[in-house]
Amino acid sequence: MMPPASIYKTETNEEKLHKIANELLLTERAYVNRLDLLDQVFYCKLLEEANRGSFQAEMVNKIFSNISSINAFHSKFLLPELEKRMQEWETTPRIGDILQKLAPFLKMYGEYVKGFDNAMELVKNMTERIPQFKAVVEEIQKQKICGSLTLQHHMLEPVQRIPRYEMLLKDYLRKLPPDSPDWNDAKKSLEIISTAASHSNSAIRKMENLKKLLEIYEMLGEEEDIVNPSNELIKEGQILKLAARNTSAQERYLFLFNNMLLYCVPRFSLVGSKFTVRTRVGIDGMKIIETHNEEYPHTFQVSGKERTLELQASSEQDKEEWIKALQETIDAFHQRHETFRNAIAKDNDMHSEVSTAELGKRAPRWIRDNEVTMCMKCKESFNALTRRRHHCRACGHVVCWKCSDYKAQLEYDGGKLNKVCKDCYQIISGFTDSEEKKRKGILEIESAEVSGNSIVCSFLQYMEKSKPWQKAWCVIPKQDPLVLYMYGAPQDVRAQATIPLLGYVVDDMPRSADLPHSFKLTQSKSVHSFAADSEELKQKWLKIIFLAVTGETPDGPNKHPATLDDHPEPKKKSEC
C-alpha cells in the first residue's frame, strides 16, 4: 500500500525563505554569545591582569582590536532587529532591508581583519613569553562556555561571520522571486557583503595556514622556527633517500615551503608523527634534476646551496608531482625576488633617489613599510618579533636592525647623528670595510656617558649559563633602548658585554631562596640570569625589559634613570 501523498509534501518557497531567515537568527544568537565571550570575558580578564602590571594593557588592546564595537553593534542592534522581524514574519516576510543596514558597519570588520595576523602572532608570543598571560587564557579556556576551544579559535569567529552572511544571502536570493519587495534590498546587501567577505576569506586561509605551521612545529619537536605568516606549506610527504655509498634506500619525510625544503628523519613516537630535521635547504639557488637509475626507479635530485639529495618517489606519478611542486616553488620564489628588485629600481626612477653625492645633504623619500617584505640590504624576511623594519635616514630604504646598526651625522638634520644603513655609513663617513673594523665599537661607549642618559641603570648580580655570579653595572640607554649594556663599574670606559633584548623570553620567577629578586632572559641557547638587591629594583628593570623584548620603548623624552613610577599607563578599556 502506497503512503499518502501528503507525506511527501514539497516545501514551498515561502517556507524555505522563512527557514533561511530563522537560521540567520539562530546563528546570530550563537555569534553574539561568542562575541560576548571575547569582549566581556577574555578581553576584560586580560585587561584586569594587565592593570596589575603583569604585561602591557596596550598589547591586550592590539589583540582584541575593536571587538567591543563589533559586539555592541550585533548585540544591541542587529540581533534585536532580527528577533523582532521573526516575530512579525507573517506580515513582514523580509530580511534584505535589515541586512542592508549592516553594510555601513562592515568597516569595523575591515579594521579587525586587517589586524588579525598580528593579533594571532601576539597571542602566540605572549603565551610563550608571559606566564601570567598564559595562566589567564588557560583558566578561561577550561570553562564550559569555551566549549573546549582555544582563544585563537574564538578570535576567528568575527572573520568567519561575514562569509556566513554572504552564503545565507545567496541562498535567500535564489529562493526569492525577482518581483519580491525585498529583492532590491537583498541584492544590494549581497553586493556589499561579498566585497567584505573576500577580505575575510583571505584571513581565514592565512589562519588555516598558521594552524598547519603550528602542527608541523610540534611534529618537529618545537625546535624549528617555522611559525611565521610569511611561510606557506606547499607540499609534504614520505620519500626515500638513496645513500651515496651503497645505494640503499632510507625512509625520509619532506616539508616543502615557499622559501625552503625541510629534509627530515622519522623518529619513534607513541602519539602522532614526529620528525627530526636533518637539513634545511633554501629555495634560493635550488635546482631539480630528473635522474635515471635502473635499479631504483622514480628518482630525482634536489641540488641546493646547503646540500644535494638523491631521492626516490613511491611511483612515477609521485615523482612527477614532487618535481612539479618543487619547480613551481622555485619559479615563484625567483619571480617574487625579481618583482622585488624591479620595484626598487622603478621606485628609484619614480622618486628620484638621493644620489651618492647628496647622501646626508638632502632628506630622502622613505620607502613605505608595506612596500617591502624583506630587508633591502641583506634580503632577510621581516617578522613582527625578531626582525622588525627600520628606515635608513640617509637613503630611505627599509632595513632590518642588523643592517641599520650605524649612525652618521646628516647635514640636512643640522649635523645630528641619525640611524643609517652600512652602505650609507661608509659613503658618508668615508670608511672602507677594513677601516670600518677599526671604528669605535659598541662596547667602547663610556659607562658614565650612557648612565647619565639612561632609562634605567643600577648594579645587578649577573650569571651567564653555569658561570659564577658576578656584580655588574647594568644600563639601558635612552639612545639604544632595546640593548642592555654591562660594565664592571659605573665609570668604566668600555662595556664588558651587551645584550640586544629584542626577542628574549623573560622568566621573572626567582631562581632560589638565596636570590629572591632574580629573573632570567632566554633566547635559543643564550641564558642570562640577573638578581637585584630588592623587589622594587627588580620590578623597575622588568618593566623596561618587558617593553624591550617586544620592540617597544617607554614613551616621553623626560624619563629619569631607574625611575619608572611616572611611566604613563597604557590606554585602558573603559567598561571592564
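Student: What order do the seven strands take in the open sheet?
Tutor: They run 4-3-2-1-7-6-5, with antiparallel pairing. Strands are DSSP runs of E, at least two residues, and helices are runs of H or I, at least four, numbered from the N terminus. Two strands pair if DSSP finds at least two bridges between them.
Student: Which are the edge strands?
Tutor: Strand 4 (274-282) and strand 5 (287-290), each pairing on one side only. From one strand to the next, the twist averages 35 degrees; angles run from 0 to 180 degrees between N-to-C directions, with axes fitted to C-alpha atoms, for helices over the stretch in contact.
Student: How many bridges join strand 1 and strand 2?
Tutor: Nine, in the antiparallel sense, between residues 233-242 and 249-257. Leu-233 has Phe-257 of strand 2 as its bridge partner.
Student: Where does this all come from?
Tutor: It's a predicted model: local features need pLDDT of at least 70, side-chain atom pairs count only at pLDDT 80 or more, and totals for chains, interfaces and linings use all residues. Residues are numbered from 1 along each chain as its sequence is written, and side-chain values use heavy atoms, leaving out hydrogens and water.
Student: OK, helices. At what angle do helix 1 and helix 2 pack?
Tutor: About 165 degrees, with the axes of helix 1 (13-50) and helix 2 (57-64) 9 Å apart. The two are therefore roughly antiparallel (angles over 145 degrees).
Student: Which residues of helix 1 meet helix 2?
Tutor: Leu-38, Phe-42, Tyr-43, Leu-46, Leu-47 and Ala-50 meet Ala-57, Val-60, Asn-61 and Phe-64 in helix 2, where contact means heavy atoms within 4.5 Å.

Methods. Angles under 35 degrees count as roughly parallel, over 145 as roughly antiparallel, 65 to 115 as roughly perpendicular and the rest as oblique.
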